[in-house]
Structures are given as C-alpha cells and as structure tokens.
Amino acid sequence: MTNNSQSRLLIIDDEAQIRKLLSVALHAHHFETLEASNGEEGILMASTDHPDLIVLDLGLPDGSGINVLKLIREWSEVPIIILTVKEREEDKILALESGADDYVTKPFGMGELIARIRVALRHTAKAEEKSVLDFGRLLIDLSRRVVLVNGNPIKFTPTEYELLRLLATHAGRVMTHRQLLKQVWGGQMINTDSNYLRVYIGHIRKKIEVTPTQPKMILTEPGVGYRFVE
Amino acid sequence: MKMAKEEQRPENEGFGKDTVEGKTKDQRPVAGKLMVCVSGSPFSRELIRSADQIADDLNVKWIALYVDAPRRTPKTMNERMEISRNLRAAENLGAETFVISGTQISGEIISFAREHNVRHIVIGKPSYSRMIEWVRPSVVDQIIRKGENVTFHVIPGRPEVRANMINYIFPEHAVKWAPYLVVTGMIIVLTLLLKFTGMANDLVNVALLFLIPVLIGASRWGIGPGFYASLVSILSFDFFFVPPVRSFTVADLRYILSFAVFLIVAMLTASLSSKLRNQLKEAQENEKITLTLYTLSREMTVVDELTATLKRIVLQIADKIGFQAAIYLPDKDGELKIAACSNDANREQVKAGGLIAKWVYDHGEMAGHGTQTLSESSGLFLPLRTEDLIHGVLVIYYGAHRIPDSLEHKKLIEAIAGLVAAAVARMNLQEEAKKAQMAAESEKLRNVLLDSISHELRTPLSAITGSVTALTDQDDVFTSEDRKELLGTIRQGAARMNRLITNLLGIVRLESGMLHLKKSWCDLEDIIGVSIRQIEDSLENRQLTVEIDESLPPVQVDELLMEQMLVNIMSNAAKYSADKTRITLSAYQKGDHIEISVQDKGIGVPLNELDHIFDKFYRLKSDARVPGTGLGLAIAKGIVKAHGGTIWANQNQDQGITVFISFPVGK
C-alpha cells in the first residue's frame, strides 16, 4: 500500500459530489488526488501536473469526455479509467478503442474502482516485456509459444494461441471485440460478427478453465469484449 | 396534317410490315434514337407497336411524335381523343412523347429528328391510287426525300384496322344550317343589289363582288359554307347576269372558262381563309389554355395548405371552364374522401360519385361522362397521376351538357389534372418531410430528456453507492473526518434525488392538470426558512442573504408547492453561479401582492433567452456544461400561475439574473 503514496490521480468530473467522494475515498487509500471540473481544465492539469492515472467521467454534460480522452492520448500514455453509465455500450467501446485503459460503470462500488486503478497503475509499472506469463494454474511461455495448464502442455491452434496471448499480455484490461479481431485476424475481419470470436474464446476456455461455463480467467464484458483476469 | 387523314382510309394494299431502307448514306446500323410519327388514326397503334418492337430489336430508345398542323378540315373530337390515346399508349410502352406544331409536316419531322439524334423513323404509308401519288407526293415520300442519315421503316396501311376501330362515344359534329342560310341570304341580297343598281352589265366587277360572300362564309364558318357560297355564287352569276339572262345556258362559250377560273379562285380563297380561321382559332384556344393553366399554377404556389389550394383549384375550374368540379383524395386509411368541391356543385351528386372515383383511383384510368366506362355518369372522372403514383381523382361535372368538342378542352382538363396531381404530390411530400422532421425532433427531445434524467438520477446515486461501498468495504482506512464527509455526500445525494423526483412528479401533475392547491394561511418567512434548509447542502460556500420585510402579512398559499418553487429557483441560482458568490433572496409586499426576488451573480442569461428559461425542458444554449433537466423553473412557473401570480427574470446590471415572483396575498 505504501507505493500508493507516490501515485497522483487526476479526477475529471463535472459533479462536485462525485469529485468529493472520490477524493475522500482515494485519499483514505493514500492516493494523491487532483480535481478538474471540466474537460478543458482536465487537459491542462493532465499536461502540467503529470498525474500517474486519470479518472475521466465520460458523461460530461457537453459530451466532451471522449474528446478529452482523444486529446490526452495524442501526447500521453497515462492510464485513463473511464466512468460511464451502463446504457452507453457504444461509448465504452469507443472509449476503449480511443485509448482508455478501463471503465467503471456508474453507480460504482468504491472497492471495484480502487482495484481497477491498482491494476492500471501496475501495468505501467511493469512496462518491460516478460517472456513468461505466470498465472498460477496457467503459464504461458511467450518465447517458446508454449501453454501449460497445471504444468501440462496443451495444444493450441495458432489463432487460439494468438488470442490467448493478446488477452494475457493485457491481463486485467478489457479488449473490445474489434481490437481482438483486428490484432488476431488482421484488418479484413474488423466488420465480422463477434460470433466468430465467441467460438474461439469457447475453445480456449475449454482448454484453460476449470469449469468452462463459469469462466474465472477469460471473463465476458457483455456487449464490449473480454477481460483476462490475473 | 395530311398523314392523319390519309391513314384513315387505307385501301386493300399490302399486309404486314415491310421495312425499306430509305435514303441512307451509311448502310451500317447507327446508334441513335428511333422515332415513330403518330396521328389520330387507329392505325397509329399498329405503328406504335411496330416501333416498340423495332426499337427493342435495335436496342435503342424511342420517341413518339405528333405534328399538330392546322389544316382545312378541323380535327374531330374523336380524332383528338385518339391522338392523345395513341401518345399515351406509346408512353406506356416506354417511349418519350412529343407534340410539336407546324405547318409543314415533313419539314417539322425531319428537323425534329435532327435535333433529337433520331436515326430511325417508323412511318405509316397510307395506300391510295398511283394517280394521286403522281400528282402530289405524299408526306411519307417528302420525308424520305429529305431525310439523310436516317433509316426508314415504312409500315403500309392495313385495311382490317378500320374494322377494329374503337367505337367512339362522342357524337360527330352536327351540320349547322345557319351559316348556309346566311350565305344564301347574302348572295340573294348581293344579286338584288347588283340587279337594281345598274351594275349588272359590268360582268367582271360582278364576278369579283360575288367573291365577298365566299370570303365571309369561309372565314367565319369554315370551309363548308365557303365552298357552298362559291357554288351558289357561280349559279347566281350564271343565271342572273351572264347572257342569256334567267337561264343557265351560256351564249358565249368563253364564259365556261370564266366560270372555271371563278370557281378555282373562289374555292382557293375559301380554303385559304378557312385555314387561316382555323389557325387563329387554335392560337386563341391555346392562349386561353395557357392563361388558365398559368392562373391555376399561380394559385397553387400562393397557398401552401392543401385543402385551401384544392378549394381554389376547383373554384378556378368552375370559373374558367364553366363546369363544377370536385377532388377526391385518400385519407390516412386510404379511404377516398371528398377533399374539395366547387360552390355550386350538387352535393348529392358529389357524394354519389364516390364509387366511380374509387374505380378511377384503383384503375388509374378516366371514367364517367364522355368516356367508354360508366358514360352515363354526369361527371368526368380523371385520375390525378404523377409518374406511377395516383394521388386522387378530379371530377368535372358536365351534367346534361356534352363535353365541349375540342382537343383544347381535353388538353386543358388533362393539364389541370396534371397540375392538381403535381400540387397534391408536392403537398404530400411536404407533409411527409414535416412529419419526419417532427418525429426526429421529438425523438431528439425524448433522448435529451432521458439522458438528462438518467444523468440527474444516476449522479447522486453514484455518490451514494460510492460512499456506501467505500464505508462498508474498507471502513478501517477512513478517519472520522473522512467518514463524516462520505456520509454528507450520501445525504446530499439523497436530497438531490428527492428534489428530482419531486420535480418529475410536479411536471406530471402540471401536465395532466392534477395540480390541486391546498391553500392555507401561512407565514412566508417560515416557508423560506424551510426551503433554505432543504438546499443548504447544494449552496456549499455561496453566501446567502435573506431580506424579509418584517411587516409581511400571512399569505394564503399551498405551503408545500411554495416551498418546492423556492427550492427550484434557489437551487437554480446556485447551479449557475460560482462558489463563494452571493445569492440574495428578498420578500416584500407591493399593494395586495407579495413579491419575492432571488438574485444571483452567476453566468447570466442572454436577453433573447430570458423569456424561455421558464419553458419546459428549456436549457441555455450557451452553456451545456451545467447538468439539469430543464424542469425546475418550468415547475416554479406552473406553481406561481396556479397561485394566480406571475414569474419573470431580469438581467442584473453587473452579473447574473434576478428572478421575480409576484402573487396575491389572498382573501
């Protein structure tokens, strides 16, 4: 918990109540917080105060949340967590594809938000590439393209392996259908039905999950994509 | 217009189609259009069908052309109807149709063909004796002689066509006797005058004078009376003036030559002047049509509302062509209803015509008076057609009258039907566009409303959920100060949600007229105090000054609604102003009214939006950053109005706005 003290979080939200709640709760968890009440101010503070992570409300009344995200992404790789409402699935996808690292749906539980913030911060910390991803039950040796479940090597087709590798290297984060299709199958698959993807995810789950119908590793984010849980 | 006439009497010569290559320099088939020349003869249908086939074989576009040329014998109604039927038939087969007018048919056809890149001409070859052909080359020959770079397809006339001729219902022109009597009278008067003025011996002058009745007869009543006058004149001349007088015998045989010359001159004069008369008549008719159509089309652009436009159209028809008219249009369920009806039309008749109108609407063909379908009806029913769509039915009531026997009339009513159809189509499109726009706008409004309500509800809910989860999950990390803050957030969120729900219920009550006042005598200071307590949290660090006139009398109001109104106005003031600015609430008496004002130092409202801020769902255009539903002030207005008071807003001198409420003290 001590490493939190070094982390400075920027909260961009127009609602004073939410800002207050976040700053109180995050302070209690030893994060340092900065507050911006609109997009403009947020962008300015993101550039001058060098926050380690940004919590951005997508539902700014002037609809500028997504623009703020895109503008910041033009020059900064700082992790950004989006706050959004459930009905706006397309906004979430757009945000993720515009460079957001994660999202939390309003109304949110504070524990969940803090957990997401920690995951995002850890990701930037271990930016260096590891050749072996160890998830306990599951071990992926990236250099040898070998997957071990409970120590036993499991056969994966190239597509399945690529999909698993992509999800595992972005562990803790949501990958949208589009992102997965694009990176695994290349450009021509972007407009394909996500059903295709579901079939492959099903195959992978059968090989790595204890109970494939109740997955614990590759979770479905309804309408958005998949998240690999560490 | 020889062609038409000639085609009507084809003789037994040649069956089927035989294509001859005309004067073509280039024998290879050339791309370009195909043109068929049609007339008012039923034989033209054959031509049109052949043209369609040939065009199909050649895979080219085709044109049907009718040259409207003035001629000695005026066109009969049947012929005119047939012309338009033929053109319509060609149109239905996919041809472009044109009507041009000119005196010299062959020349017009050739120049039209040149202008329209026509490389094939289909033409009917009427058959008549070699003698006539030798004397006067037929139009077909003339065209073929003139046409260069054109392939001709000559279809010979077919005798059985006559047998298949459609039975026309229009009766032919009845011979009018009056002109002949007048002409006879003129010649008698002239003879008597010449006899008794002693000019009888100057035979040359007498002969010339006898041309006068011929001229008058031909120019006034046409070729028949003209020819008749020439014959009677020559007889009278011979009998009364040429020696031996009172006998048809002629002393000097040279007079026979004179008679022949006289006859030729007389008949030529008659034919020329009657031709002139026909041309004049046609020009006048055309002018009248143009004028009528022009007036009508102007009427249509003036009024932009369908029923009014249709009403004006039927009135114009009644006025300009002298017959009552009505228009049927389908309603929303596709049921045909009377949309407009001229003033003097027989209502019963119009109602009774519904079935015929429906038939016309369903079949897209005209029916009723003067047509082959339901001809016993008193009205002529015309479909209002644009392209493939039939928009309704126009009825013209001829009653016991015959349809005026002229192509012009026919052209006129068809053109009117076309104009009405265009007007209806335009209006329908406009209506549709308007509806689509309204739907889009209400959809937009609904989305905005749903968005803002969901935002307004979700934000405090998020604050509550966030605080509660923070407190329950990780209670140990918070200091007592933090805990107090989080609990405060919960309280504020709950209060905000409550305000929104109260407002939503308020607007529903206002909208449905369920806002009932429960008036009682209240202390206004008390109400103000309660409302301030309610919004204390959202005021945060804004400095609230309250100035209440101490001598304020008790007021008869609905306490709860008054409180809601004040809460809405004050939270609005807080929402649109920065932290630590001043908000001033004053209450004082003005005559038998109480006035309350709430002044803020906020972002203000542009002058042109001041009146709208009390409208339902109205949000400031300039600043979309402040969240809200646009309900608060609308409800405040509703409450004030229910109390018989008024609400308005002014811009402050320096900054922000002041909202004033004025309502009667009560009895």
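The predicted model scores ipTM 0.72 and pTM 0.50. For chain B the mean pLDDT is 79, with 86% of the residues reaching 70 or more. Two stretches of chain B fall under 50 in pLDDT, namely residues 1-30, for which the model has 61 contacts beyond four places in sequence, and residues 159-172, where the model has 19 contacts beyond near neighbours in sequence.

Chain A has 230 residues, of which 37% are buried, and its secondary structure comes to eight helices and 12 strands. In chain B, which has 667 residues, the buried share is 34%, and the secondary structure is made up of 20 helices and 17 strands. Of the contacts in chain A between residues at least 6 apart in sequence, 55% join residues at least 24 apart. In chain B, residues 24 or more positions apart account for 71% of the contacts with a separation of 6 or more.

Between the chains, 21 residues of chain A are in contact with 27 residues of chain B. On the side of chain A that touches chain B, helix H1 (16-28) and helix H5 (110-125) of chain A each supply at least two residues, and H1(A) gives the most, with seven residues. Sorted by class, this side of chain A holds 10 nonpolar, six polar and five charged residues.

Within chain A, helix H4 (residues 89-97) has as its buried residues A:Lys92, A:Ile93, A:Ala95 and A:Leu96. Viewed down the axis of H4(A), these buried residues fall within an arc of 165 degrees, and they therefore line one face of the helix. The elements of chain A against which the buried residues of H4(A) pack are helix H3 (65-73), strand E4 (80-85), strand E5 (102-106) and strand E10 (174-176). After H4(A) comes A:Gly99, which has a positive phi, near 115 degrees.

A further position in chain A carries an annotation: UniProt, in an unreviewed entry, places the feature "modified residue: 4-aspartylphosphate" at A:Asp57. In the model, A:Asp57 is found in strand E3 (residues 53-57) of chain A, and A:Asp57 counts as buried because 25 C-beta neighbours lie inside 10 Å, the cut-off for a buried residue being 20 or more. Leaving aside residues up to four places away in sequence, A:Asp57 touches A:Ile12, A:Asp13, A:Asp14, A:Gly65 and A:Leu83.

In chain B, an open sheet of five strands has the order E7-E6-E10-E9-E8, and its pairing is antiparallel. Strand E7 (336-341) and strand E8 (367-368) of chain B are the edge strands, each pairing on one side only. Inside the order given, strand E9 (residues 379-386) and strand E10 (residues 389-397) of chain B pair in the antiparallel sense over eight bridges, and B:Phe381 stands opposite B:Val395 in E10(B).

Parallel pairing is found elsewhere in chain B, where six bridges join strand E12 (residues 543-548) to strand E14 (residues 582-590). B:Leu544 stands opposite B:Ile583 in E14(B). The number of buried residues among the six of E12(B) is zero, so this strand lies largely in the open.

Helix H19 (residues 559-575) of chain B contains B:Gln564, which counts as buried because it has 22 C-beta neighbours inside 10 Å. When residues up to four places away in sequence are not counted, B:Gln564 touches B:Thr502, B:Gly506, B:Ile635 and B:Ile639. The C-alpha atom of B:Gln564 is separated by 9.1 Å from that of B:Gly632, although the two residues are 68 residues apart along the chain.

Notes
Residues numbered from 1 in each chain as written. Chains lettered and ligands numbered in written order. Predicted model: local features only at pLDDT ≥ 70, side-chain atom pairs only at ≥ 80, totals over all residues. Contact = placed C-beta atoms within 7 Å. Helix = DSSP H or I, 4+ residues; strand = E, 2+ residues; numbered from the N terminus. Nonpolar A, V, L, I, M, F, W, Y, C, P; charged D, E, K, R; others polar. Buried ≥ 20, exposed ≤ 12 C-beta atoms within 10 Å, placed from the backbone. Arc of directions from axis to C-beta. pLDDT = per-residue confidence, 0-100. UniProt positions renumbered as here; feature names shortened; annotations may be inferred. Pairing = 2+ DSSP bridges.
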